[in-house]
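This report describes one protein chain. The sequence and the model come first, and the notes on them follow.

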Amino acid sequence: MKPAMSAPCAKGDENAGSMRPLRTNYLRMKTLTFIALAAMIFSSCSKDKDTPQPTVRQLLTSGKWYVEGRSLEGETYVEADECEKKTFYLFFPEGELITEFWSVGNGACNMTSNSAANWRLGADTELFLYSSGGNVIEVRIVEISADSLILINTSDDQYLHLDKTPGNGNLPQT
């Protein structure tokens, strides 16, 4: 291997007094540098890193969760009527919970109650609800996504199905 810069070649050498060895090495270095830069650019432009998935807390506090239906022990699903579908749970990041309950009364869809409580996440999927009267309700998050939430009340095995779509308050046609 010839050094990048060498003394003039011996008499009779075809490269004697020539810049050809320096120019060849320069072109090789330039080519290698270009290839290395291109490899770095293409590797950094490959698929973006996986987008981090939202946490349970982030999903839970992402807006109002409207009642969709109920089931006992995960069986016999009963869809809420359009009025009940206006019932919502609103979890705030600071641990406050606002609920508003709707039901049919006297032939009309009415808000029957609203309340404020506190909540906290326990281990894994445990969710603790604290009423203003001091009662604690323990529920488990069975499933949560950006638009679906299924809870189970651990004391009576009742499942509560919620989503992000409110009911329109129209009474079912009879």
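The side chains of K85 and E79 meet in a salt bridge, with 2.5 Å from N to O; the term stands for a side-chain nitrogen of Lys or Arg within 4 Å of a carboxyl oxygen of Asp or Glu. The model is predicted, so local features need pLDDT of at least 70 and side-chain atom pairs count only at pLDDT 80 or more, while totals for chains, interfaces and linings use all residues. Residues are numbered from 1 along each chain as its sequence is written, and side-chain values use heavy atoms, with hydrogens and water left out.

**Salt bridges**

A search of the whole structure finds 3 salt bridges. They are listed here.

| Pair | N to O distance |
|---|---|
| K85 and E79 | 2.5 Å |
| K85 and E68 | 3.1 Å |
| K85 and E82 | 3.8 Å |

Through shared partners, salt bridges join E68, E79, E82 and K85 into one network. K85 lies in the loop between β2 and β3 (88-91) and E68 in strand β1 (residues 65-72), so their pair ties together parts that are 17 residues apart in sequence. K85 has a relative accessible area of 7% and is therefore buried; buried means under 20% relative accessible area, exposed over 50%, and partly exposed in between (1.4 Å probe, protein chains only). E79 counts as partly exposed at 48%, and E82 is partly exposed at 29%.

**The chain as a whole**

The protein chain has 2 helices and 9 strands. Helices (H or I, at least four residues) and strands (E, at least two) are DSSP runs, numbered from the N terminus. Along the sequence the pattern is α-α-β-β-β-β-β-β-β-β-β. Of the 174 residues, 26% count as buried.

How many of the residues of strand β8 (residues 148-153) are buried? The count is 6 of the 6, so the strand is largely enclosed by the rest of the structure. In a regular strand the side chains alternate between the two faces of the sheet. Both faces of β8 are covered, with S148, I150 and I152 buried on one side and L149, L151 and N153 buried on the other.

β8 pairs with strand β7 (residues 136-144) in the antiparallel sense over 5 bridges; two strands pair if DSSP finds at least two bridges between them. Here I150 is the bridge partner of E143, and the hairpin of β7 and β8 has 3 residues between the strands. Strand β9 (residues 158-163) also pairs with β8 in the antiparallel sense, over 6 bridges, and L160 in β9 stands opposite L151. The hairpin of β8 and β9 has 4 residues between the strands, and D157 takes a positive phi near 55 degrees there.

**Loops and other sites**

D157 is a residue other than glycine and counts as partly exposed at 32% relative accessibility. N106, also not a glycine, has a positive phi of about 55 degrees. N106 lies in the loop between β4 (96-105) and β5 (108-121) and is exposed, with a relative accessible area of 86%.

W102 is found in strand β4 and counts as buried at 18% relative accessibility. W102 and E84 are 18 residues apart in sequence, and 5.2 Å separates them in space, C-alpha to C-alpha.
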